[in-house]
Number of protein chains: 2
Amino acid sequence: MEPPLLESQRASLDEKTFGTDDDARLVKRQSVELFSTENPLKLAGGQEIGPIRVAYEMYGTLSPAKDNAFFICHALTGDAHAAGRYNLEDRKPGWWDEFIGPGRGIDTDRFCVICANVLGGCQGTTGPSCIDPKTGEPYGLNFPFITIADIVHVHKELVSYLGIKKLAGAIGGSLGGMQVLEWIAQDPDAIENAIVLASAANLSAQGIAFNAVGRRAIYADPQFHNGGYYDRAEEVSVQSDHPPNAPQSTVSKTGKGPRFGLALARMIAHITYLSESSIEKKFGRRLQNSEQLAFDLMRETEFQIESYLHYQGEQFVERFDANSYLYLTKAMDYFDLAESYHGLNNALGNTSARTLVASYTTDWLFPTAQSREIVSALILAGKHASFCELESPYGHDAFLVEVQQLTELVRAFLNS
Amino acid sequence: MEPPLLESQRASLDEKTFGTDDDARLVKRQSVELFSTENPLKLAGGQEIGPIRVAYEMYGTLSPAKDNAFFICHALTGDAHAAGRYNLEDRKPGWWDEFIGPGRGIDTDRFCVICANVLGGCQGTTGPSCIDPKTGEPYGLNFPFITIADIVHVHKELVSYLGIKKLAGAIGGSLGGMQVLEWIAQDPDAIENAIVLASAANLSAQGIAFNAVGRRAIYADPQFHNGGYYDRAEEVSVQSDHPPNAPQSTVSKTGKGPRFGLALARMIAHITYLSESSIEKKFGRRLQNSEQLAFDLMRETEFQIESYLHYQGEQFVERFDANSYLYLTKAMDYFDLAESYHGLNNALGNTSARTLVASYTTDWLFPTAQSREIVSALILAGKHASFCELESPYGHDAFLVEVQQLTELVRAFLNS
């Protein structure tokens, strides 16, 4: 599974790039090619893939003993840019910037934080929008079927490449939490502190249902072309060995592809990320641009909630690849720790990790009962497990939104 | 608003058709033309429409004093065929057959039950799939914008046409409950017993959101053709003055129209009708036709829940018109009793109706809090109001599924 690293790969590691600029917290994206045509990654579904380029970022300084690495597993549509800014002009920092940094929840004065784009993604790591070396064309639907176990294999290979024998910690919410769970199941001694937020040991039937309708919206888009919608010329650049400092998405910006279907999939999913009460409070029945109802069937953004969802859909297609969405939601559907490891106790019973599991009161996509199931399995196996149901009105999104609360919880857990 | 009935219309009433055949409970669909080009219905949005053909059914016998009529307001995709069978070969009876009949929850030995397809629908009452007499073509998106107030106006006109001065009762779930609420607000003394199930005084932001993504799926379907997808030849038959006994849907059977978009809209909506626990219990993560996962991205019906949703979508497009879905979901979005009547107390405070409001514990689309809001307004206004939160695992669908429970509740209410 893990072929030895080539010396040329090791040599490309530049220790000086690990640190962040403490004042501006400037960071840079790095990338490395792991596996190869000769030593491909064997996937859970039976296929193979290699080489795999992995985009990742590191914040903080790796200790000489390399025992302070903390891995961030991102959620469905996240990327490796979890914290900091690429340059001083960047309007927005990484997606979990408030939580990761000097003195923050994941303290970069103490830990060296690593975040990598997942296998199958579209933000620098090999995925369906990348060139298949066998054909010279983007993979499209020829990209092999992947699971969360495969995603974790690639993460582990990156960690090994970085010379890290054991992670001080790993944390993730939603699909990220599934990766953390899979990691301690696959390699029970790989992580000292495992933190699982708003997640589950398997995706519920309701979760599968929402993913299925989202994928169907993409399949149905006439611009889907069975996954072969890429503009070839654009894709090549991200495959170079020297990615630019600011990340280039592999998503086509030309307006091609199933933009409508992907936006619709995102709109549907976005509703499930919000709680009924937060959506009611934030938008209610307020109108977007008028005091009065228009009595116009075709006005699609009359209510603020409609306008918000349209905006979310439009933004999303600018940064995400439809094929990646298909592959990653399917990986999520397939995730079932108990099924893969012949029982949840078997999956989690061997780990030496200290675990923290947290759910959110208004998260109906990953309800608290699913977190309790994980904790029960750990405790039944005599493992150390902390559990907390956090009070929040923000639904599934809470793990990204409620940073202060999470900071306190994680800090207490890591210091205890 | 309510032009006098023409004698020719009254004359078409055939008292003998009201009764059901007690053994087989055979029923027949009737239809009547209300309003006219000269006396059109003035709609809430400012437009006018007339004539309006209304398809309806009656079960039980209207008393000589015509004081035992009980009106059934159907939900979003329902129709006038609430109970009984059209002929002995019919495989399925009407949609609420277990609840309506001799000795049942709505007892046809006591009440004469009326159920009419709503304005804008596609099951015999004038809607976007019907011929616009001004153009000789199906209305399509030239059909005027309609609200629940307009739907209720047409119901009232039907009741008046039948010579009924006051209804003994009216009942409806979901969109049907909205009609009952609008009815007692519009005409406070029109109904003796008003029963509102799994409904609300306005649609929540989350409800608007789900409707909006469903409509977007239809708009995006290349077969939508801006609503002009009808096969003209098929439409004419349902406009005849002598509809066949078995109802002819106005839905095209030719495979034209935005079938894919409509099916997707239905799949999305269907998820919201089920509770998380019922979907988990009924389907869980079970596979449809295999013991093993296929690791195949394009297999869309691998999990049972996926297969079920696909089936629901496919069935739905055979019986429902996409334009009707657009108009009726929009009417639902617009429903806001407090907004229309300057406060909920104002809307409900004048009614002489005895009211029963019931919600379901696992209904997350129309949560109990929304029912409580209705009841609070009634009680604050000093009105008689009964409220019950019914225990059920079936989510929003419970009002259609939990017939025994509902029967007991409604019987107790009507007998008290």
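Start with α2(A) and α3(A), which are roughly perpendicular to each other: in this predicted model their axes cross at roughly 70°, and an angle from 65 to 115 degrees counts as roughly perpendicular, hence the label. To find the pair, select residues 148-161 of chain A for α2 and residues 175-186 of chain A for α3; the axes come within 9 Å.

Now show side chains where the two helices touch. On the α2(A) side, pick out A:Ile148, A:Ala149, A:Ile151, A:Val152, A:His153, A:His155, A:Lys156 and A:Val159. Facing them from α3(A) are A:Leu175, A:Met178, A:Gln179, A:Glu182, A:Trp183 and A:Gln186. Colour this contact by residue type and you get eight nonpolar, four polar and two charged residues.

Next, bring up both chains. How much area is buried between chain B and chain A? About 5100 Å², with carbon and sulfur atoms giving 70% of it. Select B:Arg216, B:Arg285 and B:Leu297: together they supply 16% of what chain B buries against chain A, more than any other three residues. Each chain puts 56 residues into the contact.

Last stop: the side of chain B that touches chain A. Select α4 (205-220) of chain B, which brings the largest share, 12 residues. Then colour that whole side by type: 35 residues are nonpolar, eight polar and 13 charged.

Terms used: Residues numbered from 1 in each chain as written. Chains lettered and ligands numbered in written order. Predicted model: local features only at pLDDT ≥ 70, side-chain atom pairs only at ≥ 80, totals over all residues. Heavy atoms only, no water. Contact = heavy atoms within 4.5 Å. Buried area = accessible area lost by both parts, 1.4 Å probe. Helix = DSSP H or I, 4+ residues; strand = E, 2+ residues; numbered from the N terminus. Nonpolar A, V, L, I, M, F, W, Y, C, P; charged D, E, K, R; others polar. Axes fitted to C-alpha atoms, helices over the stretch in contact; angles between N-to-C directions. Parallel < 35°, antiparallel > 145°, perpendicular 65-115°, else oblique.
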